[in-house]
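The sequence and structure are shown first.

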Amino acid sequence: MTFTTSTFSSQSVSLLDAVPATVAAFKRLSTDEKLGVLWFIYKAMGNGSVTPAATGAARLQFAEGLLSQVKALGPDGQMAFMQDLIAQRKTSMTQAYGVLTNNTKLAFWYQLAELMRSGDVIGVPTNYVLSRNANDMYNRIVALDFGQQITVLRQIVVNMGYDSFA
């Protein structure tokens, strides 16, 4: 089985290659496009398009302090943190994220999306529209099976933040 996406490549991508190809295409998006795609992905979790990752395996207590720091920021600071995280800028908060385990990073983003949904953290404006490339990326991720979706999301969020040991 193959699928194509005209924006990212005119080549067919086999499902076996779907994960690395999707992660590579995600990396080519701008910081704000990446943030928009993540917001729409997490917003779609549980509605049948995207299956939520089980956060039970993560040690979320290691991320709770960072989530509290994010909540304590004003809306502009929250947005700046998310942009810094995606752009891998070195700040004390992105360094705190950088040392989290892979599963905890995945759970962190899920919890961050929940905080955005509840209004405790700045969310994407209701009238926000994904760019063509970001929309294609969203559709590409939604088209993956559950295991591939989780693998793509894990690979995306693992590379965010700043890890001074990397």
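Q88 has a relative accessibility of 42% and therefore counts as partly exposed (buried means under 20% relative accessible area, exposed over 50%, and partly exposed in between, with a 1.4 Å probe and protein chains only). The model is predicted: local features need pLDDT of at least 70 and side-chain atom pairs count only at pLDDT 80 or more, whereas totals for chains, interfaces and linings use all residues. Residues are numbered from 1 along each chain as its sequence is written, and side-chain values use heavy atoms, with hydrogens and water left out.

**The loop residue Q88**

- Q88 lies in the loop between α4 and α5 (helices, H or I of at least four residues, and strands, E of at least two, are DSSP runs numbered from the N terminus).
- Although Q88 is not a glycine, its phi is positive, at about 60°.
- Most residues other than glycine have a negative phi.

**Nonpolar core**

- The largest nonpolar core has 48 residues, of which V37, L38, Y97, F108, W109, L112 and M160 touch the most other members; such a core is a set of buried Ala, Val, Leu, Ile, Met, Phe, Trp, Tyr and Cys residues joined through side-chain atoms within 4.5 Å.
- At least two residues of this core come from each of α1 (18-27), α2 (31-44), α3 (61-72), α4 (75-87), α5 (92-98), α6 (102-118), α7 (132-142) and α8 (146-158).
- Helix α6 supplies the largest share of the core, 8 residues.
- Beyond its neighbours within four places in sequence, Y97 is in contact with L66, L85, K105, F108, W109, V157, M160 and G161 (contact means heavy atoms within 4.5 Å).

**Helix α6**

- The 17 residues of α6 should span 24 Å at 1.5 Å a residue, which agrees with the 25 Å between its end C-alpha atoms; the expected span is 1.5 Å times one less than the number of residues.
- Buried residues of α6 are T104, K105, L106, A107, F108, W109, L112, A113, L115 and M116.
- These buried residues pack against α2, α3, α4, α5 and α8.
- G119 follows α6 and has a positive phi, near 90°.

**Packing of α2**

- The axes of α2 and α6 come within 10 Å and cross at roughly 80° (axes are lines fitted to C-alpha atoms, for helices over the stretch in contact, and angles run from 0 to 180 degrees between N-to-C directions).
- The pair α2 and α6 is therefore roughly perpendicular (angles under 35 degrees count as roughly parallel, over 145 as roughly antiparallel, 65 to 115 as roughly perpendicular and the rest as oblique).
- L35, L38, W39, Y42 and K43 of α2 meet L106, W109, Y110, A113, M116 and R117 of α6 in this contact.
- The axes of α2 and α4 are 9 Å apart, at an angle of about 105°, and these helices are therefore also roughly perpendicular to each other.
- On the α2 side this contact involves T31, D32, K34, L35 and L38, and on the α4 side M79, M82, Q83, I86 and A87.

- Q95 lies in helix α5 and is partly exposed, with a relative accessible area of 26%.
- Q95 and S164 are 69 residues apart in sequence, with their C-alpha atoms 7.1 Å apart.
- Not counting residues up to four places away in sequence, Q95 touches K90, Y162 and S164.
- A18 lies in helix α1 and is buried, at 0% relative accessible area.
- A18 and Q148 are 130 residues apart along the chain, and 7.9 Å separates their C-alpha atoms.
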